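Here is a short briefing for a reader who is new to this structure. Take a look at the chain, then go through the topics below.

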Amino acid sequence: PHAQAEALPPAPSPAALRLASLGDPLALSRLLMLYVQGHDDQAGVAIAWRDLDYGRIRQWLERVLELDPRSQYPLLAASEVYGAVGDPARVRQMLELVYQRFGEDPDRRWPWLAHAVVVAQHRLHDLPLARRYAQAIRLHATGPQVPAWARELELFVLEDMDQAEATRALIGALLASGQITDANELRFLERRLQNLPPPAHPPR
């Protein structure tokens, strides 16, 4: 008999998982993550990521995150593992998961959204999507542990979009906000401002 791949079942409900955790949701979250990651390598069968049901993958990753909200692994897996598939529709599903759950803990989850910016910009070539993600980092990941370069990702996207006026306005806002305090970062922003083409309609 030939080995046949088994489909990933729907993720259990949050209530069922709380009962199953027996008071230790962190341990259960790790077990669920191992289960999901092992699904593509079954006995006698290796399943390509493009053949996985990404709707169900997302369900399971969200359940893991709900059991352990401080875990970084579900969003890492979404952006860097399952997001590496060659199918743009599936990539978008994973990036959108990262974006939607980023807002719950932006100061800790910004690295995965920063990776989503790069994927949207350079792999999907969807600059409006990359800007939406980069703008979310700038507006919401404001903690002292968030590096300045992460908040400046929007600048690079705007430059790719040939949006010199928007880039100029954003640099001005960053300089005026007081969020950028490092001298090197300030010099970097000032140099970028100087290197922008002159305004199409200079002020009188």
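From the N terminus on, the elements run α-α-β-β-α-α-α-α-α-α-α-α-α. That comes to 11 helices and 2 strands. The model is a predicted one.

**The chain as a whole**
- The chain has 204 residues, and buried residues make up 42% of them.
- Take the contacts with a separation of 6 or more: residues 24 or more positions apart account for 68% of these.
- The accessible surface is about 11100 Å². Carbon and sulfur atoms hold 55% of that surface.

**Helix α2**
- Helix α2 covers residues 25-38, which is 14 residues. From first C-alpha to last, α2 reaches 20 Å. That is close to the 20 Å expected at 1.5 Å a residue.
- Which residues of α2 are buried? They are L28, S29, L32, M33 and V36.
- Seen down the axis of α2, these buried residues fall within an arc of 140 degrees, so they line one face of the helix.
- The face turned away from the buried side of α2 carries the exposed residues R30, L31 and L34.
- The cover over the buried residues of α2 includes α1 (14-20), α3 and α4.

**Helix α10**
- Helix α10 spans residues 164-177. Its 14 residues should span 20 Å at 1.5 Å a residue, and the end C-alpha atoms are 20 Å apart, which agrees.
- The buried residues in α10 are T167, R168, L170, I171 and L174.
- Down the axis of α10, the buried residues fall within an arc of 165 degrees, so they line one face of the helix.
- A169 and A176 are exposed, and they sit on the face of α10 turned away from its buried side.

**R63, an arginine under cover**
- R63 lies in helix α3, which runs over residues 54-67.
- Is R63 buried or exposed? The relative accessible area of R63 is 17%, and the cut-off for buried is under 20%, so R63 counts as buried.
- Leaving aside residues up to four places away in sequence, R63 touches A11, P12, S13, P14 and L17.

**Aromatic pairs**
- How many aromatic pairs are there? The count comes to 4.
- One of them joins Y54 and Y82, edge-to-face, at 6.2 Å centre to centre with 90 degrees between the planes.
- This pair links distant parts of the chain, 28 residues apart. Y54 is in helix α3, while Y82 is in the loop between α4 (73-81) and α5 (88-102).
- Y54 counts as buried at 2% relative accessibility. Y82 is buried too, with a relative accessible area of 3%.
- W110 and W149 also form an edge-to-face pair, with 5.6 Å centre to centre and 75 degrees between the planes.
- W110 lies in helix α6 (residues 106-123) and W149 in helix α8 (residues 148-151), so their pair ties together parts 39 residues apart in sequence.
- W110 is buried, at 12% relative accessibility. W149 is partly exposed, at 43%.

**A charge over a ring**
- Where does the charged end of R132 sit? It sits over the ring of Y99, 4.6 Å from the ring centre.

Methods:
Residues are numbered from 1 along each chain as its sequence is written. This is a predicted model: local features need pLDDT of at least 70, side-chain atom pairs count only at pLDDT 80 or more; totals for chains, interfaces and linings use all residues. Side-chain values use heavy atoms; hydrogens and water are left out. Helices (H or I, at least four residues) and strands (E, at least two) are DSSP runs, numbered from the N terminus. Buried means under 20% relative accessible area, exposed over 50%, partly exposed in between (1.4 Å probe, protein chains only). Contact means heavy atoms within 4.5 Å. The expected span of a helix is 1.5 Å times one less than its number of residues. The arc is that of the directions from the helix axis to the C-beta atoms. Accessible areas come from the Shrake-Rupley method with a 1.4 Å probe; for residues, only the protein chains shown count as cover. Rings of Phe, Tyr and Trp (its six-membered ring) pair if their centres lie within 6.5 Å; planes under 30 degrees apart count as stacked, over 60 as edge-to-face and the rest as tilted. A charge sits over a ring if NZ of Lys or CZ of Arg is within 6 Å of the ring centre and within 35 degrees of the ring normal.
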